[in-house]
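Take a walk through this protein with the model in view.

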Amino acid sequence: HSRSSPLFRSHFARAHMAWGARGNSKLVLTKRRYRFRSNGQYFGITQYLDAFTTEELKEFECCVDDLVSCDQNQQQTVGGFGRGNNANAISQRNIHVSANLKRMKIFFGFRYAYNNCLAYHRGPGKYDRAEYNIPTLYSDAPSLPNWILKICKRAADLEVIPSVEFIDMAVINLYAVPGQGLAVHIDPSSLFLRPILSARFFSESVLSFNVKGQYTGHRTHNIVIPRGSLTVMEGYAANNVTHAVRHCDVKEKSCSVIMRGCLKAAMASAGMQSHAA
């Protein structure tokens, strides 16, 4: 908590959960809700720390590793993701590897790709620069795997979302080595419902808000995202400020699983886009 931006203050609460056929497994987690220090208004970020058991963390991280194992998709090397001998794997539409081979994105349910369309996000004539180049949604990604549905079920049990069915797509952002961040953006409300969920694996990271360009010359506000946490983004944080993962904040191998609900109109359009692609 001490590493987060002084802009915020956070409220902590302990919660207990029981699940399983006999109800003999318990999960003790901490709920952290961020507010503006100046006026106490909710910023739009709630975290559930230690949202998964040690066994679940191992299971989910093994599932991520399996997706990038040498004999399935990519050859993971010290310097990032090598192309290996399977050139066709790199061209799978639901998999995208950054140009420097340091970050891999894997889509489920739906995928998106960027184009040059302009999104009017705050009414006529007003838009966010982070949404200038907004994504187009496609429906040709594989279904959400069971282990991601387990994460969605945990969110539903915490009453973060109404049900597992709220989530239509998930994207895995896997940072292979230090120094690879996530570009400045706002998740467009023309495509995605609120809240937006993310689960963090392998190591902690930092989510930075009010980010521009190369992160210099202005004040950013940072929130630590611990390993094993479930983060909920909504309201002001989701709609009014940009966010990014700065390159300097990726210290080691790390992974986020981002889960979103999609607007019905966007999903209908995605089907037509996929058919035309």
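Helices (H or I, at least four residues) and strands (E, at least two) are DSSP runs, numbered from the N terminus. By that rule the protein has five helices and 17 strands. The model is predicted: local features need pLDDT of at least 70, side-chain atom pairs count only at pLDDT 80 or more, and totals for chains, interfaces and linings use all residues. Residues are numbered from 1 along each chain as its sequence is written, and side-chain values use heavy atoms, with hydrogens and water left out.

How far can the model be trusted? pLDDT is the predictor's confidence in each residue, from 0 to 100. The protein averages 80, and 71% of the residues score at least 70. Over residues 70-79 the pLDDT is below 50. That stretch still has 32 contacts in the model beyond near neighbours in sequence, where contact means heavy atoms within 4.5 Å. Residues 117-128 also stay under 50. For them the model has 26 contacts beyond four places in sequence. Where pLDDT is low, the predicted coordinates should not be read in detail.

Now the protein as a whole. A residue is buried under 20% relative accessible area, exposed over 50%, and partly exposed in between (1.4 Å probe, protein chains only). Of the 277 residues, 53% are buried. The protein exposes about 13500 Å², and carbon and sulfur atoms supply 50% of that area. Accessible areas come from the Shrake-Rupley method with a 1.4 Å probe; for residues, only the protein chains shown count as cover. Contacts reach across the sequence too. Among those with a separation of 6 or more, 70% join residues 24 or more positions apart.

Start the tour at Asp 50. This residue sits in the loop between strand E3 (42-49) and helix H1. Its phi is positive, about 55°, although Asp 50 is not a glycine. At 45% relative accessibility, Asp 50 is partly exposed.

Helix H1 comes next. It covers residues 54-67, 14 residues in total. From first C-alpha to last it reaches 20 Å, close to the 20 Å expected at 1.5 Å a residue. The expected span is 1.5 Å times one less than the number of residues. Which residues of H1 are buried? They are Glu 56, Leu 57, Phe 60, Glu 61, Cys 63, Val 64 and Leu 67. Seen down the axis of H1, these buried residues fall within an arc of 150°, so they line one face of the helix. The arc is that of the directions from the helix axis to the C-beta atoms. An α-helix has 3.6 residues a turn, so residues three or four places apart point the same way. Turned away from the buried side of H1 is a face with the exposed residues Thr 54, Glu 55 and Lys 58.

Stay with Cys 63 for a moment. Its sulfur is 7.1 Å from the closest cysteine sulfur, in Cys 62, too far for a bond. A disulfide is a pair of cysteine sulfur atoms within 2.5 Å. The structure holds zero disulfides.

Move on to helix H3, residues 146-157. Its 12 residues should span 16 Å at 1.5 Å a residue, and its end C-alpha atoms are 16 Å apart, which agrees. The buried residues of H3 include Trp 147, Ile 148, Ile 151 and Cys 152. Just after H3 comes Glu 159, in the loop between H3 and strand E10 (169-175). Glu 159 has a positive phi near 65° and is a residue other than glycine. At 71% relative accessibility, Glu 159 is exposed.

The next stop is the loop between strand E11 (182-185) and strand E12 (196-201), where Leu 193 lies. Leu 193 is partly exposed, with a relative accessible area of 30%. Which residues does Leu 193 touch, leaving aside neighbours within four places in sequence? Its contacts are Phe 166, Gly 261, Cys 262 and Leu 263. Leu 193 and Cys 262 are 69 residues apart in sequence, but 5.5 Å apart in space, C-alpha to C-alpha. Cys 262 is buried, at 3% relative accessible area. Pro 195 is found in the loop between E11 and E12 as well. The peptide bond from Arg 194 to Pro 195 is cis, with omega near 5°.

End at Tyr 34, in strand E2 (residues 25-36). Tyr 34 is buried, with a relative accessible area of 0%. Between Tyr 34 and Ile 223 lie 9.1 Å in space, C-alpha to C-alpha, and the two are 189 residues apart in sequence.
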